[in-house]
Amino acid sequence: MAITLEELRNLFPEDEDPLSDKLPQVKWLKTDQEILEALSEDDFLPGNDSTHPSSSGHQYETAYNEDSNRTEWHLLVRLLKRYQRMRSFVGELESAEKQPPKAGEYLLYLFLSRTEREVLIGDLTEEYPGLVTKFGLRLAKVYFYKQVVWSIWPLVRKTVVKWSAFGWVAELIRRISS
Amino acid sequence: MDKQKKELLGELEEIVLLALLKLGSESYGVPIHETVEEATERFISIGSIYATLDRLERNGFVSSRMGAATNERGGRAKKYFKVEGAGMMALEEAEQIRRSIVPKLRLQPAGGKA
C-alpha cells in the first residue's frame, strides 16, 4: 500500500504522544524516549521472567508494580518501539526532501574542478527542496540526476578544449624547434 | 564597416546576458537558470549556464565574485555575476545587426492575413 509523506506526518506527529489518549492506563510514563532508554526489547519477551523491569532498578519500577498487567506492558513497549521507528523513518524522509542524492554529488566531485562543483552543488542543493514540493521526491530525484548528467559535459568539454589547445601549441613548438 | 573581427554573441550567451541585466544584483546560478528556462521554455542544465558564463567572463563581457556560504545551499557559496561594459556593447551590437538586416521585423503566422 502506498502512503504519502503527508499521511505519515499525520499518523506520526513529532510533538504528540500517540498513546497518551489511547491508553489512559499508561499515563504514568513520561515520554516514549525515556522508557525506551530504560528498557530493551529483550527484557520483555514473553516467558522471560528473569527480566522483570524492577531487576534493573530503573525509575519505572513503582509504576510497573502498580500496574501488574504484563500483557499491556508488552503491548505498550512494542507500540512505543514501532512508533519510535516510524517517527525516525518520517524524520529520514523529511531530511531526504531537503538533501539531494549523494550519488549525484559524487559524480560532480569526480568530473568537475573544486570551484565549479562547489558552486554547482550549492545551486542544485538550493533548488532541490522546491522541486520536491513541486513534483514529489521521486520526480525531483529524476530531475536532479538529469541536471547532474547534462551539467557535467559542458563543463568537462570546456576543460578538454583548453587542454587540447595547449597540446596543439606544444606540438607546434616541438615541430618548429626540432 | 568596422573591419576588425568581433566576437559575436551566441544564442545562449545573449539570453544569459539579458537574464543578468534583468536580475541585477541577484544574479547567481539559481535565478539565472530559472530566468533562462522560463524565457526559452526549454530544459537547460545549470552546467550549460556556467559554461556560457565562463566563456562570457573570458571575453570580458561579465565579471564574477564569490558570495557568502548559506545554510540552504549546504554551506556552499554563491557565485554572483555582473554585466560589464563590453557585455552591454556586445548586446547592443547584436541588436544592431538584427536591425540592419531586417529593420522592422513583423512575422505573420503561416496562412494568416497580411
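## Basis

This is a predicted model, in which local features need pLDDT of at least 70, side-chain atom pairs count only at pLDDT 80 or more, and totals for chains, interfaces and linings use all residues. Residues are numbered from 1 along each chain as its sequence is written, chains are lettered from A and ligands numbered from 1 in the order in which they are written, and side-chain values use heavy atoms, with hydrogens and water left out.

## Chain B layout

Chain B has 4 helices and 2 strands. From the N terminus, the order is α-α-α-β-β-α. Helices (H or I, at least four residues) and strands (E, at least two) are DSSP runs, numbered from the N terminus.

Of the 114 residues of chain B, 39% count as buried. Buried means under 20% relative accessible area, exposed over 50%, and partly exposed in between (1.4 Å probe, protein chains only). Contact means heavy atoms within 4.5 Å. Among contacts in chain B with a separation of 6 or more, 50% link residues 24 or more positions apart.

## The hairpin

Strand S1 (residues 62-70) of chain B pairs with S2(B) in the antiparallel sense, over 7 bridges. Two strands pair if DSSP finds at least two bridges between them. Ala69(B) has Ala77(B) in S2(B) as its bridge partner.

The two strands, S1(B) and S2(B), form a hairpin with 5 residues between them. In the turn, Gly74(B) has a positive phi of about 70 degrees. Strand S2 (residues 76-83) of chain B is mostly covered, with 7 of its 8 residues buried.

Glu13(B) sits in helix H1 (residues 11-23) of chain B. Glu13(B) is buried, because its relative accessible area is 9%. Leaving out residues up to four places away in sequence, Glu13(B) touches Leu8(B), Thr52(B), Arg55(B) and Leu56(B).

Glu41(B) lies in the loop between H2 and helix H3 (46-58) of chain B. Glu41(B) is exposed, with a relative accessible area of 72%. Its phi is near 55 degrees, a positive value in a residue other than glycine.

## Interface between the chains

In all, 19 residues of chain A are in contact with 24 residues of chain B. The area buried between the two chains is about 1800 Å², and carbon and sulfur atoms give 59% of that. Val119(A), Asp123(A) and Glu126(A) supply 31% of the area that chain A buries against chain B, more than any other three residues. Buried area is the accessible area (1.4 Å probe) that two parts lose on being put together, summed over both.

## The largest pocket

The largest pocket holds about 290 Å³ of space. A pocket is an open set of points on a 1 Å grid over the protein atoms alone, where a 1.4 Å probe fits, with protein on both sides within 12 Å along at least five of seven lines; lining residues have an atom within 4 Å of a point. Grid points are joined across faces, edges and corners, and the volume is the space filled by probe spheres set on the points.

Helix H6 (114-135) and helix H7 (137-177) of chain A, with helix H2 (29-40) of chain B, each supply at least two lining residues. H6(A) gives the most, with 5 residues. The lining includes Glu127(A), Lys134(A), Tyr143(A), His33(B) and Phe43(B).
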